[in-house]
Amino acid sequence: MSDQSGSPSIPEDVLSLARGAQHVAVFSGAGISAESGVPTFREVPTGLWERFSAQDLATPEAFESDPALVHTWYRWRAALIQRVAPNRGHQALAEWQRQLTGSGGSLSIATQNVDDLHERAGAEVLAHLHGSSTAYRCAECEAPVELPAPRYDSDAAPAEPSDPPLCQVCEEGLIRPGVVWFGEPLPMEPFEAAADAIRAADLILVVGTSGLVQPAASLPLLGMERGTPLIEINPEPTELSDAMHHRLRGPAGELLPALVQ
Ligand code: BV8
């Protein structure tokens, strides 16, 4: 087990694992977007929703009891995501994916994040395990809905919540975010695709996740079935650290570019 801390230099044995990998599986969480300015779930919210934790708001019950507050929180987050840019960690993964794909290999990204920063860095994402901040649907008839880009042009939370639109298809349901809330099942197709890619990988990177949210956080452990090397990239220890073969202690925006030669 190597426990790298301090400078973003990568131990030689980890560098050679990266150089020799042909099929890499990446499992990412909120931490990979932190350096872009997207708050992680562990950070304490401020403003309109400062009384709530992200976990309280990301539930069907919260939407049921205060649809305007939850709708506004998602629109504000979506606007923030659109205002920020992918960081060097997202870009390094996109570059590595291009290199591997070009030489008959693969780099599969399964993300817990609802932002599109991997895509905006130029990467293909295999699975958005918890949905997307740009998707919406009717809470009743499930009809998918396109909403115009949200217009909050400052990081400050809006003073007033706004009501979600009514569904134009069934004219009964409210439009909800196309994300997986706590207590809701994950969509099976992305989950299975992520599981298959992790089982088939010859190297697994676990980047920027506390490993607390199930069942997604169990996916990287599928690599243990075949003894696939598991590398964690995170400034802090996590629920998954003990299962990792290597733990690179630092920010993804520095460590991933150093890992991708
Ligand atoms: C389900 C979309 C069943 C919405 C999200 C008790 C025990 C175990 C499980 C449970 C339990 N009680 C309830 C559950 C189940 C629950 C769960 O896991 N709860 C946890 C909190 C205990 N799970 C569910 O409810 C799931 N559904 O189980 O359904 C079911 C089955 C059939 C029928 C009905 C029901 C659904 C979970 C999905 C919830 N939705 N997102 C939205 O985004 O608003 S989860 C959300 O939180 C994110 O998507 C993300 O996945 C998660 C946060 O996790 P992380 O990504 O890890 O982020 P976090 O902030 O925690 O950590 C950031 C990390 O980055 C830190 O480690 C930090 O050190 C690091 N970092 C910081 N800076 C950097 C960095 N790393 C690198 N570089 C940096 N610069």
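I take helices (H or I, at least four residues) and strands (E, at least two) as DSSP runs, numbered from the N terminus. The model is a predicted one: local features need pLDDT of at least 70, side-chain atom pairs count only at pLDDT 80 or more, and totals for chains, interfaces and linings use all residues. Residues are numbered from 1 along each chain as its sequence is written, and side-chain values use heavy atoms, with hydrogens and water left out.

**Entry 1: His130**

I started from the UniProt record, an unreviewed entry, whose "active site" annotation covers His130. UniProt positions follow the numbering used here, feature names are shortened, and annotations may be inferred rather than shown by experiment. I located His130 in the loop between β4 (127-128) and β5 (131-138).

Is His130 buried or exposed? I found a relative accessible area of 11%, so His130 is buried (under 20%; exposed is over 50%, partly exposed in between, with a 1.4 Å probe and protein chains only).

I then listed contacts, meaning heavy atoms within 4.5 Å. Leaving out residues up to four places away in sequence, His130 touches Thr111, Gln112, Val114, Val179, Val180, Leu186, Val213 and Ala216. The His130 side chain reaches the backbone oxygen of Gln112 at 3.4 Å. I count a polar contact as a pair of N or O atoms within 3.5 Å; within protein, one must be able to donate a hydrogen and the other to accept it, and residues adjacent in sequence count only if both atoms are side-chain atoms.

**Entry 2: the ligand**

I looked up what surrounds the ligand and got 36 residues, the closest being Arg42, Tyr74, Arg77, Gly183 and Ser210 (near means a heavy atom within 4 Å). A polar side-chain atom of His130 lies 3.1 Å from a ligand oxygen. For Ser210, a side-chain N or O atom is 2.6 Å from an oxygen atom of the ligand. Gly31 has a backbone N or O atom 3.5 Å from a ligand oxygen.

**Entry 3: strands on either side of the loop**

I call two strands paired if DSSP finds at least two bridges between them. Strand β3 (residues 106-111) has 5 of its 6 residues buried. Strand β2 (residues 23-28) pairs with β3 in the parallel sense over 6 bridges, with Ser28 opposite Thr111.
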